[in-house]
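Here is a brief report on one protein model.

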Amino acid sequence: AYGKLGELGKDAETVQQLFTWIKDQETYSESEIIGLQLALLSDLDGTYAEMYSSVLCNAFLKEAALFVECLNCNPDNVENSQKVAKLTVYGAASDGVLEEVEATLQELIDCDALTDGAVTWAELMLRYCDNPYGETT
């Protein structure tokens, strides 16, 4: 199955193809979103993390309320959910859609579309939007 994704020895290209395929999905189920979020437990770094930030942002924009609710699904792994929130916002800034993400988050909060726990995550993501690249001053 791996060979169908790309050529042997071209791992970076294969990963990029996989991430593109994930982004091209029309919708995501709850379990798919949770899976995308839990993938960060594998400690992606560098180029892969940057590419994956775009995948997360895309999933957020397609299924915003469900995406934020899923951040609240695993109270035993708050640190991973924080990474997901940060990387999603980073992806929004990198992809030029930060304002759209901010507006979507604010709308979710304002229209009471989220559970209380998920509102907390949406508010955290909004705070991350103020400094999407995590620079310290």
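Which residues of helix α3 (residues 30–38) are buried? They are I33, L36 and Q37. Seen down the axis of α3, these buried residues fall within an arc of 100 degrees, so they line one face of the helix. The arc is that of the directions from the helix axis to the C-beta atoms. An α-helix has 3.6 residues a turn, so residues three or four places apart point the same way. Buried means under 20% relative accessible area, exposed over 50%, and partly exposed in between, with a 1.4 Å probe and protein chains only.

This is a predicted model: local features need pLDDT of at least 70, side-chain atom pairs count only at pLDDT 80 or more, and totals for chains, interfaces and linings use all residues. Residues are numbered from 1 along each chain as its sequence is written, and side-chain values use heavy atoms, with hydrogens and water left out.

**Overall picture**

The protein has 8 helices and 0 strands. Its elements run α-α-α-α-α-α-α-α from the N terminus on. Helices (H or I, at least four residues) and strands (E, at least two) are DSSP runs, numbered from the N terminus. Of the 137 residues, 38% count as buried. The protein exposes about 7,900 Å², and carbon and sulfur atoms supply 50% of that area. Accessible areas come from the Shrake-Rupley method with a 1.4 Å probe; for residues, only the protein chains shown count as cover. Take the contacts between residues at least 6 apart in sequence: 75% of them join residues at least 24 apart. Contact means heavy atoms within 4.5 Å.

**Helix α5 and its partners**

Helix α5 spans residues 64–71, and helix α8 spans residues 116–129. Their axes come within 8 Å and cross at roughly 105 degrees. That makes α5 roughly perpendicular to α8. Angles under 35 degrees count as roughly parallel, over 145 as roughly antiparallel, 65 to 115 as roughly perpendicular and the rest as oblique. Axes are lines fitted to C-alpha atoms, for helices over the stretch in contact, and angles run from 0 to 180 degrees between N-to-C directions. From α5, V68, E69 and L71 meet A118, W121, A122 and M125 of α8. This contact divides into 6 nonpolar, no polar and 1 charged residues. Ala, Val, Leu, Ile, Met, Phe, Trp, Tyr, Cys and Pro count as nonpolar, Asp, Glu, Lys and Arg as charged, and the others, Gly among them, as polar.

Helix α4 (residues 46–62) also meets α5: the axes come within 5 Å and cross at roughly 120 degrees. L56, A59, F60 and K62 of α4 make the contact with A64, F67 and V68 of α5. By class, it has 6 nonpolar, no polar and 1 charged residues.

**Single residues**

| Residue | Relative accessible area | Class |
|---|---|---|
| S81 | 5% | buried |
| N58 | 18% | buried |
| N131 | 31% | partly exposed |
| D112 | 68% | exposed |

S81 sits in helix α6 (residues 78–95). Leaving aside neighbours within four places in sequence, S81 is in contact with L71 and W121. N58 belongs to helix α4. It touches K23 and Y28, not counting residues up to four places away in sequence.

N131 lies in the segment after α8. N131 and A93 are 38 residues apart in sequence and 9.5 Å apart in space, C-alpha to C-alpha. D112 is in the loop between α7 (98–110) and α8. Its phi is near 55 degrees, a positive value in a residue other than glycine.
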